[in-house]
Amino acid sequence: MSRWSMAITTTNRTGAAPPTPAPTGSEPDALTIGRRIRHLRTRRGMTLGELGNAISRAPSQVSMLENGKREPTIARLQAVARALGTSVDDLLSPEPPSRRDALEIELERVQRGPLFSALGVRPVRVGKSLPSDALEAIVALQAELERLHRERALTPEEARRANTELRADMRAQDNYFPDLEIVARSLLDDVGHTHGPMPQRAAVDVAAHLGFTIHYEPDLPQSTRAVIDRRNRRVYLPSNGIRGRSDARSALLQALASHVLEHAEPDDYAEFLRQRVEANYLCAALLLPERDAVKHLREAKDARAISIEDLRDAFAVSYETAAHRFTNLATRHLGIGVHFMKVHESGAIHKAYENDGVRFPADALGTVEGQHVCRQWTARVVFGIQDRLSPYYQYTDTPTGTYWCTSRVSDTPDGRFSVSVGVPYSQVKWFLGRETTARSTSRCPDDSCCRQPAQPLAERWAGQALPSARPHASMLAAMPSGAFPGVDTTEVYEFLERHAPAE
């Protein structure tokens, strides 16, 4: 494990890995210990009875020990080790003694598991009579069965639950990840970037420091923003510009962040989300280094002139990146509770975060993503503002209090999105735009606020309209298919094959 990944202790990865033979690097279990005892016994030419006599136990008890059906005590292991001329440490090694033993251990383990029991399939006797190729096939089929079971479990409800749990974790630590800040600071120190915004040159230096060269290609797979070739230590970026974005640093640093944090194929949707949050956070922490960004924000607070636009311009990043970074630092360093939203022009929430008491629209499971924002909120009103150059500010009175928001609209390949940052009324004194006279009132979740049409319209069209909804792909599948969700793996491999240096 690298020194970078060792620093990441704040995230809790709970996805179960697919079954693999030879569980190396883990704590030994009764099955592995038993197989090691049997291997050493047969290598010394001892029978079950002979080993039983040596440790004062019946052959049947030795057999149960070797088959992993009895947890050995330390005293028993010491006796067995003396009889076999080995050490207790050797018996406790988590490494199976052979590939065959590893497969037998795995088959025994899965046959004792809940999934196998639920299928009602009779267990296979694991013995010498079972050919190795059949054993290989059974273990591989079991691994595939578990993969399909996990895939089937990735329902939209599971995806929404994962989003809700992740947002709760982020709120619990005020969206501030100190270990990721340490990783960012160490990387910047390593390339000699000591202060100020990160220039593109420094981003290239980070890639070089990590041992990567950068290559620009016009045929990057459409489903990707960047591709890392770990074998040849290359990072590929599109030569025709970053799709949907103007900052090449962001695509480069996000790709490198996943490498630095040793991300692998996610086992479930929760892991997929956490990896994305980690990569985005580390990228932002590099583009807006904590020390400099906090200095900028504290000076702005002292001047009562905090502005997301000014933070954006000071570090030459996108408005969305500046808004995200503000949520990382505002509570920890400025003592300001905050909320953030990225909302599609349809009104559906794409991303959201809050620790200031604002009540986002949510379903029965507490899910926010995909819910529609009140038409009176800044995040929706801003779509009707013609002036796209100036920031838009608004106060909104809600059932949980009055909130001030600043919002901007950006065009993307997926449509228009508003990005909004808001604070409670008591905190607006620190922000530029507090003098705005724009104000609205939201009664949501009361349907009479904005979800019910005016009475004349309702009377005229009730029962006469039959709209055809445009469902988003995320409604149909919790996690995009593929080893790396949403990415066409075949295209990626074909791309790497085309551009890999000749060996």
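Biologist: Where is E290 found in this model?

Modeller: E290 is found in helix α15, which covers residues 290–302. Helices here are DSSP runs of H or I with at least four residues, strands are runs of E with at least two, and both are numbered from the N terminus. Before we go on, this is a predicted model, where local features need pLDDT of at least 70 and side-chain atom pairs count only at pLDDT 80 or more, while totals for chains, interfaces and linings use all residues. Residues are numbered from 1 along each chain as its sequence is written, and side-chain values use heavy atoms, with hydrogens and water left out.

Biologist: Why is E290 called buried?

Modeller: Buried means under 20% relative accessible area, exposed means over 50%, and partly exposed lies in between (1.4 Å probe, protein chains only). E290 has a relative accessible area of 13%, so it counts as buried.

Biologist: Which residues does E290 touch, leaving out those up to four places away in sequence?

Modeller: They are Y176, E181, R185, A285, R325, L329 and H333. A contact means heavy atoms within 4.5 Å.

Biologist: What about P96: why is it called buried?

Modeller: Its relative accessible area is 11%, which is under 20%, so P96 is buried. P96 sits in the loop between α6 (88–91) and α7 (99–111). P96 and T32 are 64 residues apart in sequence, and their C-alpha atoms are 5.9 Å apart in space.

Biologist: And what makes R233 and E262 partly exposed?

Modeller: R233 has 30% relative accessibility, between 20% and 50%, so it counts as partly exposed. E262, with a relative accessible area of 39%, is partly exposed by that rule too. R233 lies in the loop between β2 and β3, and E262 in the loop between α13 and α14 (269–287).

Biologist: Which kind of peptide bond, cis or trans, runs from C444 to P445?

Modeller: That bond is cis, with omega near 15°. P445 lies in the loop between β9 (439–441) and α19 (455–461).

Biologist: How do you know that β1 and β3 pair?

Modeller: Two strands pair if DSSP finds at least two bridges between them. β1 and β3 (residues 234–238) have 5 bridges, so they pair, and they do so in the parallel sense. I214 has V235 in β3 as its bridge partner.

Biologist: What sheet do these strands belong to?

Modeller: An open sheet of 3 strands in the order β1-β3-β2, with mixed pairing. Its edge strands are β1 (213–217) and β2 (227–229), each pairing on one side only. From one strand to the next, the twist averages 25°.

Biologist: Which helix lies across β1, β2 and β3?

Modeller: Helix α13 (residues 248–260) does, running at about 150° to β3. Axes are lines fitted to C-alpha atoms, for helices over the stretch in contact, and angles run from 0 to 180 degrees between N-to-C directions.

Biologist: How do you know that β4 and β5 pair?

Modeller: β4 (residues 339–344) and β5 (residues 349–354) have 5 bridges, so they meet the rule for pairing, here in the antiparallel sense. K342 stands opposite K351 in β5. The hairpin has 4 residues between the strands, and G347 takes a positive phi near 100° there.

Biologist: What makes a group of residues a nonpolar core?

Modeller: It is a set of buried Ala, Val, Leu, Ile, Met, Phe, Trp, Tyr and Cys residues joined through side-chain atoms within 4.5 Å. The largest one has 67 residues, and those with the most contacts inside it are M198, I306 and F326. Helix α14 gives the most to this core, with 10 residues. Among the residues that I306 touches are L297, F326 and W430.

Biologist: How many helices and strands does the whole chain have?

Modeller: The protein chain has 21 helices and 9 strands. Of its 503 residues, 45% count as buried.
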